[in-house]
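Trainee: I would like a close look at one part of this model. Please take me through the pocket first, then some residues elsewhere.

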Amino acid sequence: DGTVVDREEGLMWKQTDGFQDLRTWFDWFAAEKYITALNNEQFAGRRDWRMPTLEEAESLFDETTSIRDCDRFEIFIDPAFSPGCGHSVWTMTLKPHNGAVIFYYRYGHPNINNRDDPSKDSVRAVRTLSPEERKTHGVEDL
């Protein structure tokens, strides 16, 4: 259905990111609009998609596995995600002076960008599994 379930974290991720879906880069505000559009169209039958927190974005980073990003560089996320994505994602973690945290999957570290910055960043939608879904997907209570 175009999603990836993280049983350990109790999260459901969109398998593709915003760059793959729209072939454009995002500032933070465009990323927020992308998430709103996913909810309006009820992607995968759900209306509770959001940007990840920094901790959630970091939880995807895994140096033992990788795929290729849109520039054909190695990024360290599970091959369950579609190759050809962006190498960094915006998070909902905000900072002073119009800042927000992005996470780099090439390097495994966060950085702060201005939310208006249209640099080469993408967005990956996530949602928290409901208690019923956690049972369906075999997720242990955290």
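Mentor: Strand 1, residues 3–6, gives the most to the lining of the largest pocket, with 3 residues. Keep in mind that this is a predicted model. In all, 14 residues line that pocket. Lying nearest its centre are Asp6, Ser59, Leu60, Asp62 and Asp78. The volume of the largest pocket is about 260 Å³.

Next, leucine 54. Helix 3 covers residues 54–59, and leucine 54 sits in it. Leucine 54 has 15% relative accessibility. The cut-off for buried is under 20%, so leucine 54 counts as buried. Setting aside neighbours within four places in sequence, leucine 54 is in contact with Thr91, Thr93, Val101, Phe103 and Pro110. For a sense of distance, take aspartate 116. Leucine 54 and aspartate 116 are 62 residues apart in sequence. In space, their C-alpha atoms are 18 Å apart.

Now aspartate 121. Aspartate 121 is in the loop between strand 7 (109–114) and strand 8 (126–128). Aspartate 121 is buried, yet has no salt bridge. The nearest side chain of opposite charge belongs to lysine 120, 9.8 Å away. A salt bridge would need a distance within 4 Å. There is a polar partner, though: the side chain of aspartate 121 makes a polar contact with the side chain of serine 88, at 2.6 Å. Not counting residues up to four places away in sequence, aspartate 121 touches Trp25, Phe26, Ser88, Trp90, Ile102 and Asn113.

Definitions and conventions. Residues are numbered from 1 along each chain as its sequence is written. This is a predicted model: local features need pLDDT of at least 70, side-chain atom pairs count only at pLDDT 80 or more; totals for chains, interfaces and linings use all residues. Side-chain values use heavy atoms; hydrogens and water are left out. Helices (H or I, at least four residues) and strands (E, at least two) are DSSP runs, numbered from the N terminus. Buried means under 20% relative accessible area, exposed over 50%, partly exposed in between (1.4 Å probe, protein chains only). Lys and Arg count as positive and Asp and Glu as negative; His and the chain ends are not counted. A polar contact is a pair of N or O atoms within 3.5 Å; within protein, one must be able to donate a hydrogen and the other to accept it, and residues adjacent in sequence count only if both atoms are side-chain atoms. Contact means heavy atoms within 4.5 Å. On a 1 Å grid over the protein atoms alone, a cavity is a set of points where a 1.4 Å probe fits but cannot get out, and a pocket is an open set with protein on both sides within 12 Å along at least five of seven lines; lining residues have an atom within 4 Å of a point. Grid points are joined across faces, edges and corners, and a volume is the space filled by probe spheres set on the points.
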